[in-house]
Amino acid sequence: MTRVDVDGVPVSPDHFINNERVSSVDTFEDRSPLDWSWKLADVSRGGPRDADLAVTAAEQAFPQWAALSHEQRSEYLHRLADLIDAHVTQIAHVETRDMAMLEESLRRRVISRGARNFRAYAELAAHYQPRRWDSNGTSNVVLRQPAGPTVVITPWNAPFMLSTWKCAPALAAGNTVVLKPAEWSPLSCSLLMDLVLEAGFPPGVFNLVQGLGEEVGSALVNDPRVRRISFTGSPETGRLIGEAAARNLVPFTAELGGKGPFLVFADADLEAAAEKAAVMYDDAGQVCLAGTRLLVDRQVAEEFTRHFRRATDRHVLGDSRDPATTLSPLIHPEHLERVSGFVERARSRGDRIVFGGRTRRPDGLWYEPTLIEPASNDSEVVQREIFGPVLTLQTFDGEEEAVALANSTAYGLSAVVYTSSRTRAERVGARLRAGTIWVNCFLVRDLSAPFGGIGISGIGREGGDYALDFYSDLTTLQIKEGTTHG
Ligand code: NAD
């Protein structure tokens, strides 16, 4: 079996179908954002044939996997979670070299969240009880039936964690899965498949295909045998996948881009707010949930900005393998060009660059933490997701204006609010258009809470029972009163 050596960790560059590695004749190059001259692998470039093989495998494995009890499936998920925990170092090692996320943070937090995803759904599914109630002389019983082969398509940021977030509930619900990770960071999900094999999953239950979105991704989402599609990525691709799902009448969820507001009220702990705002530059701003529009009460704007600048100055751009680094390079030269394009257009259109606005290293993909005061709320940097270390700063007078500005984009994924008043937090929170709102914190997650976006930030909800419902066909049994047991 072919393996490439990623700085000491062997990784398969091939698909994983029916518990076997399958290669394509065509390949695509996968390079490291840490050093663009470093080619990590020639990865199998899947096409319609590979998509067909993978969906066929998932279709054939489905009846037996679906017939297992929740407890039996949960055992597989627990075994996989344990194996992820045992391999955190290797997975973090590969993901850092593949997408440049900080190795320390992957090792300490992000990869083990993958294990938590499997454990959480193993528990939820194992304790599943049908919902029951009586009405109109009948008892109603709502059953969750496994839906069928499921396609999961994920983006290049945090590929391992985001893929497990979707695959875990799909498998726990009794579906078989074909995962397609993004072509800019395909390798950590390949390691996951080694663990699927080691955990003893039956062939065809959990498959992986590599390749480009418009080729193998498109073939997968257009296959009429697929019964669920779960997508995380950009709104543009979300629309294409929605069209494919509509043609085959397949339920799909889409977790899409964000342009979250970060609201700072005058009664907030300004230092704490500024420290957290500087965290929005982490992972080079390549985080869909980041609060990238700083909206600050005019009365405290000057003081907040002073604290914010101090917190931002502490960021250290460097090699993601170095624990001292806090700001990694961007994923790809094309992405660096996209991010700097936003800033250059802002500059030429009269927005004020407060700090940053340059690539830091001529020989790499680093971009400086950047703050922009837009000329108006219509500025492109306010209205469109940049997905880089670029924040905007605007001021407001009073709660009305704060809420109006916060809700003034087409996105609605997340929001961050800093205030010392719980009453205000609940009042403002109830008026914000966002799937997740953090008050005086950020990225704290209970995996049983619903997660998703409003507007162009997404369709559907995952998380807890919401995800299990999505990955299931809900069936209502109505049994006439007096029907005896036995
Ligand atoms: P993208 O939409 O370009 O690609 C995402 C995935 O879709 C990739 O695997 C790609 O190969 C595939 N794809 C592309 N075209 C396809 C097609 N026609 N058919 C099927 N699959 C296709 O997104 P990206 O650039 O990889 O990721 C960045 C985006 O993801 C940002 O907008 C970010 O906000 C978003 N994101 C959202 C969340 C969330 O939870 N809401 C999380 C992470 C990232």
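## Exercises: meeting the ligand

A polar backbone atom of Ser 218 lies 3.5 Å from a nitrogen atom of the ligand, a polar contact (a pair of N or O atoms within 3.5 Å). This is a predicted model, where local features need pLDDT of at least 70, side-chain atom pairs count only at pLDDT 80 or more, and totals for chains, interfaces and linings use all residues. Residues are numbered from 1 along each chain as its sequence is written, and side-chain values use heavy atoms, leaving out hydrogens and water.

**Exercise 1.** Find which atoms of Leu 256 and Glu 385 lie by the ligand.

*Solution.* Start with Leu 256: its backbone N or O atom is 2.7 Å from a ligand nitrogen. Then take Glu 385, where a polar side-chain atom is 2.5 Å from a ligand oxygen.

**Exercise 2.** Work out how many residues surround the ligand, and of which classes.

*Solution.* Next, sort them: 14 are nonpolar, eleven polar and four charged, with Gly counted as polar and Asp, Glu, Lys and Arg as charged.

Conventions: Near = heavy atom within 4 Å. Polar contact = N/O pair within 3.5 Å; in protein donor to acceptor, adjacent residues only side chain to side chain.
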